[in-house]
Amino acid sequence: MAHVHVIRILHTTFGIFGNVFGILLFLSPMITFKRIIMKRSTEKFSGVPYLMSLFNCLFSAWYGLPFVSPNNTLLTVLASIGGALEAIYVLIFLIFAPKKEKFKISGILFLIISIFSIVALVSVLTLHGDKRKLLCGLAFAITCIMMFGAPLTVMRQVIKSKSVEYMPFFLSLSIFNSSTSWAIYGLLGKDPYIIVPNSIGSLLACVQLILYAIYRDSKKKLDVEMEGSIETGHEKPQIEIQKNMETYTL
(Lines give C-alpha, C1' and ligand atoms only; values in the text may rest on other atoms or scores of the structure.)
Protein backbone atom coordinates (compact mmCIF):
# COMPACT_ATOMS: atom_id res chain seq x y z
CA MET A 1 0.00 0.00 0.00
CA ALA A 2 2.84 2.40 0.86
CA HIS A 3 4.42 1.70 -2.53
CA VAL A 4 1.16 2.54 -4.33
CA HIS A 5 0.79 5.73 -2.29
CA VAL A 6 4.30 6.89 -3.27
CA ILE A 7 3.61 6.21 -6.96
CA ARG A 8 0.42 8.27 -6.78
CA ILE A 9 2.29 11.18 -5.19
CA LEU A 10 5.02 11.02 -7.84
CA HIS A 11 2.39 10.73 -10.57
CA THR A 12 0.72 13.92 -9.39
CA THR A 13 4.05 15.70 -8.88
CA PHE A 14 5.28 15.07 -12.42
CA GLY A 15 1.85 16.07 -13.73
CA ILE A 16 2.24 19.41 -11.95
CA PHE A 17 5.76 19.81 -13.38
CA GLY A 18 4.35 19.08 -16.84
CA ASN A 19 1.69 21.74 -16.33
CA VAL A 20 4.21 24.40 -15.28
CA PHE A 21 6.59 23.76 -18.18
CA GLY A 22 3.69 23.36 -20.60
CA ILE A 23 2.12 26.69 -19.65
CA LEU A 24 5.48 28.42 -20.16
CA LEU A 25 5.61 26.96 -23.66
CA PHE A 26 2.08 28.11 -24.47
CA LEU A 27 2.92 31.63 -23.28
CA SER A 28 6.10 31.90 -25.36
CA PRO A 29 4.43 33.24 -28.57
CA MET A 30 3.13 36.33 -26.76
CA ILE A 31 6.12 38.43 -27.88
CA THR A 32 5.38 37.61 -31.50
CA PHE A 33 1.68 38.41 -31.17
CA LYS A 34 2.47 41.69 -29.45
CA ARG A 35 4.46 42.54 -32.59
CA ILE A 36 1.59 41.46 -34.86
CA ILE A 37 -0.92 43.61 -32.96
CA MET A 38 1.38 46.65 -32.93
CA LYS A 39 2.09 46.36 -36.67
CA ARG A 40 -1.49 45.25 -37.43
CA SER A 41 -0.04 42.64 -39.78
CA THR A 42 0.98 38.97 -39.57
CA GLU A 43 3.83 39.75 -42.01
CA LYS A 44 5.41 36.43 -43.07
CA PHE A 45 4.47 34.47 -39.95
CA SER A 46 2.49 31.27 -40.39
CA GLY A 47 -0.68 30.52 -38.45
CA VAL A 48 -0.50 26.76 -39.08
CA PRO A 49 1.67 25.92 -36.01
CA TYR A 50 -0.96 27.49 -33.73
CA LEU A 51 -3.72 25.53 -35.42
CA MET A 52 -1.79 22.28 -34.94
CA SER A 53 -1.22 23.13 -31.30
CA LEU A 54 -4.93 23.90 -30.87
CA PHE A 55 -5.72 20.56 -32.54
CA ASN A 56 -3.54 18.76 -30.00
CA CYS A 57 -5.00 20.71 -27.06
CA LEU A 58 -8.56 19.70 -28.02
CA PHE A 59 -7.72 16.00 -28.04
CA SER A 60 -5.50 16.30 -24.95
CA ALA A 61 -8.30 17.95 -22.97
CA TRP A 62 -10.79 15.33 -24.17
CA TYR A 63 -8.50 12.38 -23.47
CA GLY A 64 -7.84 13.59 -19.91
CA LEU A 65 -11.54 13.64 -18.98
CA PRO A 66 -12.50 11.04 -16.32
CA PHE A 67 -15.00 9.18 -18.55
CA VAL A 68 -12.30 8.70 -21.21
CA SER A 69 -9.15 8.00 -19.17
CA PRO A 70 -9.28 8.08 -15.34
CA ASN A 71 -6.59 9.85 -13.27
CA ASN A 72 -5.47 12.19 -16.07
CA THR A 73 -7.24 15.36 -14.93
CA LEU A 74 -3.96 17.32 -14.87
CA LEU A 75 -3.65 16.71 -18.61
CA THR A 76 -7.08 18.26 -19.15
CA VAL A 77 -6.12 21.26 -17.00
CA LEU A 78 -3.03 22.03 -19.08
CA ALA A 79 -4.76 21.38 -22.40
CA SER A 80 -7.67 23.65 -21.44
CA ILE A 81 -5.31 26.53 -20.61
CA GLY A 82 -3.23 25.87 -23.72
CA GLY A 83 -6.31 25.53 -25.90
CA ALA A 84 -7.67 28.89 -24.70
CA LEU A 85 -4.33 30.60 -25.44
CA GLU A 86 -3.98 28.96 -28.85
CA ALA A 87 -7.56 29.96 -29.72
CA ILE A 88 -6.66 33.58 -28.89
CA TYR A 89 -3.54 33.36 -31.07
CA VAL A 90 -5.58 31.97 -33.98
CA LEU A 91 -8.21 34.69 -33.54
CA ILE A 92 -5.53 37.41 -33.64
CA PHE A 93 -4.14 35.79 -36.76
CA LEU A 94 -7.56 35.82 -38.41
CA ILE A 95 -7.96 39.53 -37.60
CA PHE A 96 -4.64 40.72 -38.98
CA ALA A 97 -3.83 38.18 -41.71
CA PRO A 98 -4.21 39.00 -45.44
CA LYS A 99 -7.46 37.86 -47.06
CA LYS A 100 -5.89 34.81 -48.74
CA GLU A 101 -4.30 33.69 -45.47
CA LYS A 102 -7.61 34.21 -43.63
CA PHE A 103 -9.34 31.77 -45.98
CA LYS A 104 -6.55 29.24 -45.48
CA ILE A 105 -6.62 29.51 -41.67
CA SER A 106 -10.43 29.44 -41.59
CA GLY A 107 -10.47 26.29 -43.75
CA ILE A 108 -7.95 24.45 -41.58
CA LEU A 109 -9.76 25.59 -38.41
CA PHE A 110 -13.06 24.25 -39.76
CA LEU A 111 -11.38 20.92 -40.60
CA ILE A 112 -9.84 20.67 -37.12
CA ILE A 113 -13.12 21.38 -35.33
CA SER A 114 -14.95 18.93 -37.61
CA ILE A 115 -12.47 16.08 -36.99
CA PHE A 116 -12.48 16.68 -33.24
CA SER A 117 -16.29 16.86 -33.11
CA ILE A 118 -16.65 13.59 -35.04
CA VAL A 119 -14.16 11.74 -32.84
CA ALA A 120 -15.71 13.15 -29.65
CA LEU A 121 -19.26 12.23 -30.71
CA VAL A 122 -18.29 8.74 -31.87
CA SER A 123 -16.41 8.09 -28.62
CA VAL A 124 -19.37 9.18 -26.49
CA LEU A 125 -22.27 7.75 -28.46
CA THR A 126 -20.91 4.44 -29.77
CA LEU A 127 -17.89 3.43 -27.68
CA HIS A 128 -17.37 2.53 -24.04
CA GLY A 129 -14.51 1.65 -21.69
CA ASP A 130 -11.26 0.55 -23.32
CA LYS A 131 -12.55 1.09 -26.89
CA ARG A 132 -13.34 4.73 -26.11
CA LYS A 133 -9.92 5.17 -24.51
CA LEU A 134 -8.25 3.53 -27.54
CA LEU A 135 -9.84 5.88 -30.08
CA CYS A 136 -9.28 9.05 -28.06
CA GLY A 137 -5.79 7.94 -27.00
CA LEU A 138 -4.69 7.34 -30.59
CA ALA A 139 -6.08 10.72 -31.69
CA PHE A 140 -4.28 12.41 -28.79
CA ALA A 141 -0.97 10.61 -29.47
CA ILE A 142 -1.02 11.33 -33.23
CA THR A 143 -1.71 15.06 -32.80
CA CYS A 144 0.94 15.24 -30.07
CA ILE A 145 3.57 13.65 -32.34
CA MET A 146 2.59 16.08 -35.13
CA MET A 147 3.19 18.97 -32.75
CA PHE A 148 6.56 17.67 -31.53
CA GLY A 149 7.63 16.92 -35.12
CA ALA A 150 7.38 20.58 -36.12
CA PRO A 151 10.97 21.53 -35.08
CA LEU A 152 12.49 18.98 -37.48
CA THR A 153 12.75 21.61 -40.22
CA VAL A 154 14.65 23.97 -37.93
CA MET A 155 16.95 21.16 -36.76
CA ARG A 156 17.78 20.45 -40.40
CA GLN A 157 18.49 24.14 -40.91
CA VAL A 158 20.83 24.16 -37.88
CA ILE A 159 22.82 21.22 -39.26
CA LYS A 160 22.95 22.75 -42.73
CA SER A 161 24.00 26.22 -41.59
CA LYS A 162 26.08 24.96 -38.61
CA SER A 163 24.44 27.70 -36.56
CA VAL A 164 21.91 27.70 -33.69
CA GLU A 165 20.85 31.25 -34.52
CA TYR A 166 17.31 30.06 -35.21
CA MET A 167 17.07 27.62 -32.27
CA PRO A 168 16.54 29.32 -28.87
CA PHE A 169 18.24 27.36 -26.10
CA PHE A 170 15.72 28.01 -23.31
CA LEU A 171 12.80 27.12 -25.56
CA SER A 172 14.44 23.78 -26.43
CA LEU A 173 15.15 23.23 -22.73
CA SER A 174 11.51 23.96 -21.83
CA ILE A 175 10.29 21.48 -24.45
CA PHE A 176 12.64 18.87 -23.02
CA ASN A 177 11.49 19.52 -19.44
CA SER A 178 7.81 19.47 -20.37
CA SER A 179 7.86 16.35 -22.54
CA THR A 180 10.11 14.48 -20.10
CA SER A 181 7.81 15.32 -17.18
CA TRP A 182 4.79 14.06 -19.10
CA ALA A 183 6.63 10.92 -20.25
CA ILE A 184 7.45 10.06 -16.63
CA TYR A 185 3.87 10.93 -15.66
CA GLY A 186 2.69 8.45 -18.30
CA LEU A 187 5.11 5.76 -17.07
CA LEU A 188 3.91 6.12 -13.48
CA GLY A 189 0.30 5.98 -14.68
CA LYS A 190 1.06 3.11 -17.10
CA ASP A 191 -0.49 5.04 -19.99
CA PRO A 192 1.13 4.29 -23.38
CA TYR A 193 -0.82 7.08 -25.11
CA ILE A 194 1.01 9.61 -22.94
CA ILE A 195 4.35 7.77 -22.79
CA VAL A 196 4.98 7.31 -26.53
CA PRO A 197 4.40 10.84 -27.92
CA ASN A 198 6.11 12.57 -25.00
CA SER A 199 9.09 10.21 -25.18
CA ILE A 200 9.43 11.18 -28.84
CA GLY A 201 9.15 14.86 -27.87
CA SER A 202 11.77 14.41 -25.17
CA LEU A 203 14.13 12.68 -27.61
CA LEU A 204 13.73 15.40 -30.25
CA ALA A 205 14.30 18.12 -27.65
CA CYS A 206 17.41 16.27 -26.44
CA VAL A 207 18.74 16.25 -30.01
CA GLN A 208 18.10 20.00 -30.19
CA LEU A 209 20.12 20.54 -27.00
CA ILE A 210 22.95 18.39 -28.38
CA LEU A 211 22.93 20.41 -31.61
CA TYR A 212 23.05 23.58 -29.55
CA ALA A 213 26.11 22.29 -27.67
CA ILE A 214 27.82 21.40 -30.97
CA TYR A 215 27.10 24.63 -32.87
CA ARG A 216 26.86 27.27 -30.11
CA ASP A 217 30.36 28.61 -30.91
CA SER A 218 29.19 29.21 -34.47
CA LYS A 219 26.40 31.36 -33.07
CA LYS A 220 28.94 33.59 -31.32
CA LYS A 221 30.77 34.09 -34.62
CA LEU A 222 27.50 34.95 -36.34
CA ASP A 223 26.69 37.48 -33.60
CA VAL A 224 30.00 39.22 -34.31
CA GLU A 225 29.28 39.20 -38.04
CA MET A 226 25.78 40.52 -37.31
CA GLU A 227 27.20 43.47 -35.39
CA GLY A 228 29.53 44.22 -38.28
CA SER A 229 26.72 44.09 -40.82
CA ILE A 230 24.61 46.46 -38.72
CA GLU A 231 27.49 48.94 -38.59
CA THR A 232 27.77 48.83 -42.38
CA GLY A 233 24.03 49.22 -42.85
CA HIS A 234 23.24 45.63 -43.86
CA GLU A 235 21.22 44.34 -40.95
CA LYS A 236 19.77 40.86 -41.37
CA PRO A 237 15.96 40.90 -41.28
CA GLN A 238 14.87 39.84 -37.81
CA ILE A 239 11.58 38.48 -39.06
CA GLU A 240 13.34 35.35 -40.34
CA ILE A 241 14.63 34.64 -36.84
CA GLN A 242 11.16 35.25 -35.37
CA LYS A 243 9.52 33.07 -37.98
CA ASN A 244 11.76 30.09 -37.24
CA MET A 245 11.31 30.51 -33.49
CA GLU A 246 7.57 30.05 -34.08
CA THR A 247 8.11 26.43 -35.05
CA TYR A 248 8.89 25.51 -31.46
CA THR A 249 5.72 26.80 -29.87
CA LEU A 250 3.47 24.26 -30.99
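Me: Of the contacts with a separation of 6 or more, what share comes from residues 24 or more positions apart?
Reply: That share is 79%. Bear in mind that this is a predicted model.

Me: OK, and how many helices and strands are there?
Reply: Ten helices and zero strands. Going along the sequence, the pattern reads α-α-α-α-α-α-α-α-α-α.

Me: How much of the protein counts as buried?
Reply: 45% of its 250 residues. As for the surface, the protein exposes about 13,400 Å², with 72% of that supplied by carbon and sulfur atoms.

Me: Switching to H3 and H4. At what angle do their axes cross?
Reply: Roughly 150 degrees, and the axes come within 8 Å. H3 covers residues 48–63 and H4 covers residues 73–96. With that angle, H3 is roughly antiparallel to H4.

Me: Left-handed or right-handed crossing?
Reply: The H3 and H4 crossing is left-handed.

Me: Which residues make the contact?
Reply: From H3 you have Tyr50, Leu51, Ser53, Leu54, Cys57, Ser60, Ala61 and Tyr63. H4 brings Leu75, Thr76, Ala79, Ser80, Gly82, Gly83, Glu86, Ala87, Tyr89, Val90 and Phe93.

Me: And how does that contact split by class?
Reply: Between H3 and H4 there are twelve nonpolar, six polar and one charged residues.

Technical notes:
Residues numbered from 1 in each chain as written. Predicted model: local features only at pLDDT ≥ 70, side-chain atom pairs only at ≥ 80, totals over all residues. Heavy atoms only, no water. Axes fitted to C-alpha atoms, helices over the stretch in contact; angles between N-to-C directions. Helix = DSSP H or I, 4+ residues; strand = E, 2+ residues; numbered from the N terminus. Parallel < 35°, antiparallel > 145°, perpendicular 65-115°, else oblique. Left-handed = near helix turned anticlockwise from the far one by under 90°. Contact = heavy atoms within 4.5 Å. Nonpolar A, V, L, I, M, F, W, Y, C, P; charged D, E, K, R; others polar. Buried < 20%, exposed > 50% of the residue type's maximum accessible area, 1.4 Å probe, protein only. Areas by Shrake-Rupley, 256 points an atom, 1.4 Å probe, with all protein chains shown as cover.
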